[in-house]
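Subject: Structure for you to look over

Hello,

Here is the structure I said I would pass on. Please open it first, then read my notes below.

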Amino acid sequence: MNREVNPPPPTTARRVVVLGAGGFLGGAVAKRLADVGHDVTAFWRKPTALAEHQNVRSVVGDIRDTLVLADAIEGADVVYHFASATHPSLFFTNPAAEQWEALHPLMVMMETAHRSGVKKIVFPSSGGTIYADSSAARKEDSPLDPQSPYAIFKLTAEHLLRHAARCGHFSVDVFRVGNPYGPGQPVRSGQGVLSHWIRNIQDGKPLAVFGDGKAERDYIYLKDVCDLLSVSCDRLEESGTFNLGTGVATSLNSLIDHLQSFFRNKLEVLYLPARASDLASFSLSPERLLRIAPPGFRFTDMRSGIEKTLLSHGLS
C-alpha cells in the first residue's frame with residue numbers, strides 16, 4: 001500500500017468557508033484545509049466530529065437563510081460551495097425541483113458573497129454529466145451535451161459564476177469532478193458505486209450493476225480530490241475551469257475485478273437495466289489542472305485507493 005504523505009502547510013493561511021461541510025466531499029475538503037493551517041468555517045445543517053478541530057468554526061444553518069449565511073462568509077478569502085443534495089437521476093423528470101435544490105441556493109450564495117466581500121468562489125461541477133459521450137478523455141473545451149436537469153443546471157451554474165467573475169464580484173474556480181471514492185463515502189441513491197458495493201458485500205448481497213458493466217467512469221481517490229481542490233487557496237485573483245479526474249476510464253466490470261482481487265470468495269453480480277442518465281464512457285484529461293497541482297502530486301492508483309477504502313470499512 002502507498003503511504004499517504006501529509007501535504008505541506010500553505011504559503012499563506014486563508015479564511016475559508018466550506019458550504020455543505022457535512023457532506024462527503026465538503027467534509028473531506030474542510031478537514032484537509034484545516035489540517036494544513038487554514039482558518040476554516042464549516043457551514044452545515046448538522047455538525048460532524050470535524051467541529052472539534054482546532055482550526056474549524058462551526059456554523060449551523062440553511063444556505064437560503066441569508067442572515068446566517070452572510071455572518072458565516074463575511075470577509076472570507078475563499079468559499080467552497082458543496083451545498084447541494086441532488087444527483088443526476090434524482091430529479092430527472094422534474095427540472096423545477098432541481099432548480100430549487102441546486103440553482104436557487106447558488107444564486108443566494110453568489111449575491112451574499114458579493115455583498116460580503118468574498119474574494120473567491122470554488123464550485124464543484126460535474127465532469128461526468130456535462131460532456132458529450134466520447135471514448136476519448138475530455139478536455140475543458142470538449143463538446144458539451146448535458147442530458148439531465150442536474151447536468152443542465154451544473155452548466156448553468158458555471159456560466160453564472162463566470163459572469164459574476166467578469167463583473168468583478170469575485171474570482172471563480174470551477175472544477176469538473178469525475179467519480180470520487182474513498183473512506184467516509186455514504187451509501188446514497190445515485191452516487192458512489194463503490195460504497196454501495198462495499199455495503200452489499202458486508203450484507204451478503206450481490207453487486208448491482210446498471211447495464212452490461214461496460215460503462216466507463218473516471219474514478220479518483222478522495223485525498224487526490226482534496227489536494228487538487230486546495231490549489232484555489234493559492235490563487236485568489238485568478239479564475240479558471242479545470243477537469244478534476246485522472247484521465248483514465250475504468251469500466252464497472254474492471255472495477256469489480258479490482259474489488260474481487262481482495263476477496264477469496266466469488267463476488268455475486270446482478271446486472272440491471274441501464275439508466276437513461278448514464279453516459280457510456282467518460283474520462284477527464286487533467287492536463288490543465290496538473291500545471292498548478294501541489295509540488296510532487298501523484299494520483300493514487302486504483303488498487304491502493306480501493307484497499308484504503310476497504311480498510312476504512314474493516315475489510316481486506
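A disulfide is a pair of cysteine sulfur atoms within 2.5 Å. Keep that cut-off in mind for the cysteines below. Note also that this is a predicted model.

**Cysteines**

How many disulfides does the structure hold? The count is 0. Cys226 is in no disulfide, and the nearest cysteine sulfur, that of Cys233, is 12 Å away. Seen from the other end, the closest cysteine sulfur to that of Cys233 is in Cys226, and 12 Å is too far for a bond. Are these two cysteines buried or exposed? Cys226 counts as buried because its relative accessibility is 5%. Cys233 is buried too, with a relative accessible area of 0%.

**The sheet**

7 strands form an open sheet. Their order is β3-β2-β1-β4-β5-β6-β11, and the pairing is parallel. Which strands stand at the edges? They are β3 (56–60) and β11 (240–244). Each has a single partner strand, so one side of each is left without a neighbour in the sheet. On average, neighbouring strands of this sheet are turned by 20 degrees against each other, direction ignored.

**Strand β4**

Look next at β4 (residues 78–81). On one side it has β1 (residues 15–19), in the order given above. The two strands run parallel and are joined by 4 bridges. Val16 has Val78 of β4 as its bridge partner. β4 also pairs with β5 (residues 120–126), again in the parallel sense, over 3 bridges. Here the bridge partner of Val78 is Lys120. Tyr80 stands opposite Val122 in β5.

In a regular strand the side chains alternate between the two faces of the sheet. In β4, both faces are covered. Val78 and Tyr80 are buried on one side, Val79 and His81 on the other.

His81 belongs to this strand. It is buried, with a relative accessible area of 4%. What does His81 touch, leaving out residues up to four places away in sequence? The list is Leu19, Ile63, Pro105, Leu106, Met109, Val122, Phe123 and Pro124. His81 and Ala21 are 60 residues apart in sequence, yet their C-alpha atoms are 9.1 Å apart in space.

**Helices α2 and α3**

Helix α2 (residues 66–73) lies across β1, β2 (39–44), β3 and β4. It runs at about 145 degrees to β1. Thr112 sits in helix α3 (residues 95–116). With a relative accessibility of 1%, Thr112 counts as buried. Beyond residues up to four places away in sequence, Thr112 touches Thr66, Leu69, Ala70 and Ile73.

**Nonpolar cores**

The largest nonpolar core has 35 residues. Which of them touch the most other members? They are Val18, Tyr80, Phe175, Leu229 and Leu244. The elements giving two or more residues to this core are β1, α1 (24–35), β2, β4, β6 (171–177), α6 (222–229) and β11. The largest share, 7 residues, comes from α1.

Leu229 is worth a click. Leaving out residues up to four places away in sequence, Leu229 touches Val29, Tyr80, Phe82, Val122, Phe175 and Leu244. Another core, of 27 residues, lies apart from the largest one. Its members include Val59, Ala76, Phe123 and Val174.

**Helix α9**

Last stop: α9 (residues 302–312). How many of its 11 residues are buried? The answer is 8, so to speak a mostly covered helix. The buried residues are Met302, Ser304, Gly305, Ile306, Glu307, Lys308, Thr309 and Leu310. They pack against β7 (179–181), α5 (193–203), β10 (219–221), β12 (250–251) and α7 (252–260).

Check the two ends as well. Asp301 caps the N-terminal end of α9. One of its side-chain oxygens lies 3.3 Å from the backbone nitrogen of Arg303. Just after the helix, Gly314 takes a positive phi of about 75 degrees.

Best wishes

Terms used
Residues are numbered from 1 along each chain as its sequence is written. This is a predicted model: local features need pLDDT of at least 70, side-chain atom pairs count only at pLDDT 80 or more; totals for chains, interfaces and linings use all residues. Side-chain values use heavy atoms; hydrogens and water are left out. Buried means under 20% relative accessible area, exposed over 50%, partly exposed in between (1.4 Å probe, protein chains only). Two strands pair if DSSP finds at least two bridges between them. Contact means heavy atoms within 4.5 Å. A polar contact is a pair of N or O atoms within 3.5 Å; within protein, one must be able to donate a hydrogen and the other to accept it, and residues adjacent in sequence count only if both atoms are side-chain atoms. Axes are lines fitted to C-alpha atoms, for helices over the stretch in contact, and angles run from 0 to 180 degrees between N-to-C directions. A nonpolar core is a set of buried Ala, Val, Leu, Ile, Met, Phe, Trp, Tyr and Cys residues joined through side-chain atoms within 4.5 Å.
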